[in-house]
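Hello,

Here is the structure we talked about. Please have it open while you read; my notes follow below.

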Amino acid sequence: MAKPTNIQGRIWVVRDPEGRPVDDIDTDMIYHNAHLAITDVAQMGRYAFGNLEGWQDFPSKAEPGDILIAGRNFGCGSSRQQAVDCFVSLGVSLLVAESFGAIYRRNAINSGFPILVCPGILHESAGGLASGEVLKVDLKTGELRKDGAAVARAQGFSDVQMGIYQADGLFNFARRHNL
Amino acid sequence: MPQTMIEKILARHTGDEVEPGRVIWLDLDVRTARDFGGANVVKHLEREYPEDPVADPARTFFTFDCVVPANTIPYANNQQICREFARRHGIRVFDVDMGIGSHVVIEQGLAVPGCTLVGTDSHLNILGAVGAFGQGMGDQDIAFTFKTGKTWFEVPRSIRVRVKGRLDEPLSAKDLNLAILGQIGSTGGLGHSMEFYGEAIEGLSLAGRITLASMATEMGAVVALIPPGEEVAEYCGKRAGRRVEPVVADEDAEYAEEIDVDIRGLRPLVARPGAPHDVVEAASVKGVRIDSAFFGSCTNGRLEDFEVAASILEGRRVAPHVMAKVVPATREVYGQLLGRGLLEMFYDAGVIVSNPGCGGCASGQIGMTGRGEVQISTSNRNFRGKQGAGDTYLASPATVAASALAGEIASP
């Protein structure tokens, strides 16, 4: 069964406690190295953003289907898959950032976890976006809509990203292609 | 079509057309997993490919370097999961005694100019130091490479960095590294392959090249490639037991961007707590009281780095309130320190000397910083909370040594 290419959800705009956009959120802020002994994805959600100032209570507030809006170079730092898996664990449906750390981007794509690159989404467009609002996002075209009106346009999924997403992960994708 | 270094290396490892922005299937000469991520890799393999999880055990390795030896039961369990998997499938383990995997693969002749090597260490792009394509990846990615020996990869665009000027004492590769990072920032290389040229680059030893290449990740880059000179080619050839031919860029290759870095007049630098790219002259934060000093990590854990520190510390003692730690990158480096009397010298200077490994960057065997603690470190990342609850400055071995003696940040 094909997975949805349109996602609707409540957004969380990642700002610091003073309301400023945060860039360079590294993998230790997302999922600290103190929890790396855990290998069960179901256990990872409770530590999401555990080392990001002002966001430690995110796991208790997040609901399945929520969308995260973040700044530049999100997920820089370590190669840890857990920094993606902790959001999967919480049921986050989509992560939109101005840019991603290279390894983070691969990890998300390989997990079949939807991410979109949208330059300006936090620093420019987010003047008009607030946590709690609802966005409708087309993963193919990258269009982000609020109340029926387009508010920003991300880069749509690449072919390999869509293939892995539809296969629900790298391993199934590879099987479909006899790899 | 003339090709950049990365394009040429990738082209030799794929049947697909190599062009920036294209996704190719890339053959990987060597695949590794460390103790962080390793157990997750095993878990994926046993779930997804229970019959036949490893394509080629001779090209597959575990390298334990983060928590060595394990200091908690969960970490010990994870290492044991990897060891038992390795035994069942004939995979070699560079165990908790061996040191940082990205250095071990160079010493063992597994990483040679022009090769492709992946693992769960995000600083594996350090292999750009020998002109190789190294890449850190997540545990699903690495599990897939254990099984198939290949991965999908988007060919990155290339940036050419031209460095003008020379590195004279007390400057070292770390100052050069911080100068570049301070200039281009944390996203200056984002998603790109960087290549480095200039007199200062050509003059770098292998240790200096490792230092420079190690912080590609902090620049956002996929890899920082340094064209191998004769010294590197000879070293790698000797370690591999065969002749290696460096892969270099075509002269008329096209770059997406050119960056000029002028290091004439450069003075010793530090990165202030919170961001590796928040770089200032060490002299501008002179006098900041420190509680601890760290020498080591994949960035500055070679013999040459410790020799610089030793030349400053010799015959003296670190300030009484300073906790100073030395962690050699590998067992081989540890042996060199032993053989040259440097262990004794560090002991006499009041420094704690640990077994080899990553040390402070990964809650490792050497401990973390406490709230309010100020550390100056030769490592590569000082993101808030990473090395504990304290504040970490990044600097060269010379600057850290001078600061350890003074008990406050000092410029060498």
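**Where the chains meet**

The contact draws 32 residues from chain A and 36 residues from chain B. Please keep in mind that this is a predicted model.

**The nonpolar core**

The largest nonpolar core has 195 residues. Those with the most contacts inside it are A:Ile69, A:Leu95 and A:Val96, together with B:Ala111, B:Leu117 and B:Ala224. Helix α6 (residues 173–184) of chain B gives the largest share of this core, seven residues. Domain 1 (1–266) and domain 2 (269–406) of chain B both give residues to this core, so it lies between them.

Take B:Ala111. Not counting residues up to four places away in sequence, B:Ala111 touches B:Val105, B:Ile106, B:Leu117, B:Leu127, B:Val130, B:Ala132 and B:Gly134.

**One alanine in chain B**

B:Ala309 sits in helix α10 (residues 303–313) of chain B. Is B:Ala309 buried or exposed? B:Ala309 is buried, because 29 other C-beta atoms lie within 10 Å and the cut-off for buried is 20 or more. Leaving aside neighbours within four places in sequence, B:Ala309 contacts B:Phe295, B:Pro397, B:Val400 and B:Ala401. B:Phe295 is 14 residues apart from B:Ala309 along the chain, and their C-alpha atoms are separated by 8.1 Å.

Best wishes

Technical notes:
Residues numbered from 1 in each chain as written. Chains lettered and ligands numbered in written order. Predicted model: local features only at pLDDT ≥ 70, side-chain atom pairs only at ≥ 80, totals over all residues. Contact = placed C-beta atoms within 7 Å. Helix = DSSP H or I, 4+ residues; strand = E, 2+ residues; numbered from the N terminus. Buried ≥ 20, exposed ≤ 12 C-beta atoms within 10 Å, placed from the backbone. Core = buried A, V, L, I, M, F, W, Y, C linked by C-beta atoms within 7 Å. Domains from an automatic or database assignment.
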